[in-house]
Amino acid sequence: IAASKDNKNLIGFEAIPTSTEDKVIVPKGYQADVLISWGDPLFKGAPAFSQKADSKAQALQFGDNNDGMTFFQITDDRGVLSINNEYTNHEYLFAHQGKEMSADDVLKSQNAHGISVVELKKVNGLWEVNLEGRLNRRITANTEMELTGPAAGDALLKTAADPKGTQVLGTFNNCANGETPWGTYLTCEENFNGLFGSKESPALDSNYTRYGLNTKGSGYDWFKHDDRFDLAKNPNEPHRHGWVVEIDPMNPNSTPKKRTALGRFKHENAALTINNDGHVVVYLGDDERGEHLYRFVSKNKYNPGNSTANRDILDEGTLYVAKFNAKDGELQGKGEWIELTFGKNGLTKENGFNSQAEVLIFARKAATQVGATTMDRPEWVAVNPKNQSVFCTLTNNKYRGVKANQPVDAVNPREKNPYGHIVRWMPSGQDHTSNNFDWDLYLIAGNPTVHEGLMGGSDNINADNMFNSPDGIGFDNAGRLWIQTDGKYSNTGDFAGMGNNQMLCGDPDSGEVRRFLTGPIACEITGLTFSPDQKTMFIGVQHPGEDLAPSHFPDGGNTIPRSSVIRITRTDGGIIGAA
Ligand code: FEO
Ligand code: CA
Ligand code: CA
Ligand code: CA
C-alpha cells in the first residue's frame with residue numbers, strides 16, 4: 001500500500017521519552033488535565049468519591065476503568081461525552097479487596113460497569129463536566145435494553161425472566177466503541193464471560209467453552225449473589241451478552257439496543273464508515289488469541305437527510321469474516337471477506353447451524369467453519385479518512401506458533417508475538433463493500449535495543465519510539481494515526497527501555513511514529529476522541545496501579561489510584577498533533 005503523498009509536516013510536536021513516573025506526561029506546549037475519575041459524582045448532589053460508597057452511591061457516580069469514548073458536540077459551549085466503564089478492580093473498589101463479597105457489593109460492582117454519559121460545558125475555553133446537565137446518565141449491568149436484529153427472539157436468547165428473548169438487562173465489559181453519523185454511540189461488549197459462573201456443575205458444551213465461559217468465572221462472584229449470572233440457573237443469559245450496543249446519548253430515557261446483526265464475540269470496537277455508495281460498513285475485532293476480524297455491510301443505505309431513517313439500519317445486513325492470503329515469502333498479500341450467512345459457505349444444518357440466529361449467536365464457530373484466519377488478538381480497527389485504508393492492532397499472542405490452529409503465517413509472522421503489530425488493508429477500488437483487499441503490515445512493534453530481526457520491530461521502530469502491545473487506535477481529521485498501548489510495563493528484559501504504557505502518533509504514509517504521551521504506573525492508555533475543532537483530545541488512563549502496583553494517580557499522597565479521563569489541550573490553542 002504505497003504512500004499516497006508526501007506530507008512531512010503531518011506530525012508537529014516534539015517527541016517525549018519513555019517514563020516510569022506516576023503521572024501523565026505530554027509534549028512541550030501541551031497540557032493534560034484530569035476531567036473525571038472513577039467515583040466522582042455524575043449528578044448534582046451525588047456523593048463525593050469514597051471507597052466506602054455503597055451500590056446506590058456508585059450508581060450516581062462515574063463508573064470504573066474508563067475505556068472507549070466519543071465526544072458529541074451540541075453547541076459551541078455544550079457537548080456530551082459517552083464513555084465506557086469496562087470493568088472494575090475489586091482490589092480498589094472495596095476495602096476488603098473483593099474477598100468478602102456481599103449482595104450489595106455485587107450490586108456496587110455491577111453499577112461500576114457500563115457506560116457513563118457525561119455532559120460537558122465550555123468554561124474559559126476548556127471543556128468541563130457539568131453536573132447539572134440533563135443528559136448525564138449511568139447505564140449499568142442492570143439497565144433495561146432491547147435485543148434487535150436477526151437473532152432477537154430466538155429460542156437461544158429466551159430466559160425465564162424474558163420469555164420473548166427481546167429484553168435484556170445491562171451491558172458490561174464495554175471495551176471500545178464507535179459512533180455513527182446519525183448521532184448515536186456504539187459500545188462493544190468484550191470479556192462478558194468472566195462475570196458468569198455457577199454454584200452447581202452444569203456441563204458446558206462448545207457453545208460455552210468457545211466463549212471462555214466456565215463455572216468458576218474470573219473472580220467477580222456475581223453469580224454467587226445474582227442468579228442471572230449462574231450458568232446452571234440461566235443457561236441462555238450469556239448468549240444475551242457479547243454484542244454491539246447502540247445508545248442515543250441525546251435522550252437519557254432512550255432504551256439501548258443490542259444489534260445482533262453485528263455478531264456475538266468479544267467485541268473490541270466498532271469502526272463505522274459510510275461507503276462511497278452509502279452502505280454502512282462496520283469493522284469489528286474479536287480480541288482473543290486466535291480469534292478473528294469481521295466486517296458488517298448494511299442492507300440499506302445511509303440517509304444523510306433523515307436521521308430517523310437510519311435509526312435501525314444496523315439491524316439488517318451481512319456479516320463477513322477475514323481471510324488473509326500471503327504473497328510467497330512476503331509480509332503482505334491479498335485477502336477476502338467470507339460471508340457468514342446461514343446456508344452458505346458450509347453454514348448448514350449438517351455442520352451444526354440451524355438458522356441465521358445461530359450463525360450470529362455463535363459467530364466464532366461460524367468463522368472457524370468458513371476457514372477464517374486466526375489472528376493475534378484483533379483489538380481496535382480504524383479507517384483512514386484520507387484514503388479509505390483500514391488499520392487493525394494485533395496486540396500480542398503467546399499462542400502463535402504454539403497452538404495448532406495458530407501457525408505462524410504472513411499476517412501473524414512471529415512466534416509467541418510478545419510485542420504486537422498493526423495490519424493495514426486497502427479495500428479493492430477503495431470500496432468497503434468489496435470482498436477483496438490488499439494488505440500489508442504498517443508496523444511491527446519490537447525492541448531493537450534487545451533483539452535483531454523481526455523481534456526488533458519494523459523499520460519505523462527505533463530506540464526512541466519503541467513500545468509494545470498496540471491496542472487503541474484512531475485517526476484525527478488530518479489523518480494522523482493515534483496509537484495507544486496496553487502492554488508490559490516491567491521496563492526490563494524484552495521490555496527494557498519501554499517504560500509505562502503510552503500513546504504515540506503515526507504518519508500512515510511515511511510510517512513515522514512519535515511518542516506523544518506517557519501514563520502513570522501500571523496503567524493502560526485507552527480511549528480517544530476529539531472535539532470537532534480538533535483542539536481538545538480526550539484520552540483514558542485505565543487501571544493505574546493494577547494488581548496493587550504502587551500508583552496514587554491522580555490524587556497523589558496515599559490515595560488509592562483511580563481510572564480517569566484526561567483532557568489534552570495546547571497552551572497556544574492549536575490543533576492537537578499538528579505543527
Ligand atoms: Fe478491553 Fe481488548 O481490550
Ligand atoms: Ca482495557
Ligand atoms: Ca483494548
Ligand atoms: Ca489490550
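Val-244 has Arg-259 of strand S12 as its bridge partner. The strands concerned, S11 (residues 244-247) and S12 (residues 257-259), pair in the antiparallel sense over three bridges. Strands count as paired if DSSP finds at least two bridges between them. This is a predicted model: local features need pLDDT of at least 70, side-chain atom pairs count only at pLDDT 80 or more, and totals for chains, interfaces and linings use all residues. Residues are numbered from 1 along each chain as its sequence is written, while chains are lettered from A and ligands numbered from 1 in the order in which they are written.

**Overall build**

- The protein has seven helices and 28 strands. Its radius of gyration is 22 Å, close to the 25 Å that the globule rule gives for 579 residues, so the protein is as compact as a globular protein of that length. The radius is taken over C-alpha atoms, and the rule is 2.2 Å times the number of residues to the power 0.38.
- Helices (H or I, at least four residues) and strands (E, at least two) are DSSP runs, numbered from the N terminus.
- Along the principal axes, the C-alpha atoms fill a box of roughly 60 × 60 × 55 Å.
- Buried residues account for 55% of the 579 residues. Buried means 20 or more other C-beta atoms within 10 Å of the residue's own, exposed means 12 or fewer, and partly exposed lies in between; C-beta atoms are placed from the backbone.
- Of the contacts between residues at least 6 apart in sequence, 60% join residues at least 24 apart. A contact requires C-beta atoms, placed from the backbone, within 7 Å.

**Six-stranded sheet**

- S11 and S12 belong to an open sheet of six strands, ordered S8-S7-S12-S11-S10-S9, with mixed pairing.
- Its edge strands are S8 (167-169) and S9 (174-179), each pairing on one side only.
- Neighbouring strands here are turned by 35° against each other on average, direction ignored. Axes are lines fitted to C-alpha atoms, for helices over the stretch in contact, and angles run from 0 to 180 degrees between N-to-C directions.

**Nine-stranded sheet**

- Nine strands form an open antiparallel sheet in the order S13-S14-S15-S16-S17-S21-S20-S19-S18.
- S13 (267-274) and S18 (378-383) are the edge strands, and each pairs on one side only.
- S18 runs antiparallel to S19 (residues 390-394), joined by four bridges. Pro-378 has Leu-394 as its bridge partner, and Val-383 stands opposite Val-390.
- The S18-S19 hairpin has six residues between the strands; in it, Gln-388 takes a positive phi near 75°.

**Helix H3**

- Eight of the 10 residues of H3 (residues 103-112) are buried, so the helix is largely enclosed by the rest of the structure. Among them are Asp-105, Val-106 and Leu-107.
- The cover over these buried residues includes helix H1 (55-59), strand S3 (78-85), helix H2 (90-93) and helix H5 (222-225).

**Ser-469**

- Ser-469 sits in the loop between S21 (436-444) and S22 (470-475).
- Ser-469 is buried, with 25 other C-beta atoms within 10 Å.
- Leaving aside neighbours within four places in sequence, its contacts include Thr-395, Tyr-419 and Asp-486.
- The C-alpha atoms of Ser-469 and Gln-484 are separated by 8.5 Å, with the two residues 15 apart along the chain.

Technical notes: Two residues are in contact if their C-beta atoms, placed from the backbone, lie within 7 Å.
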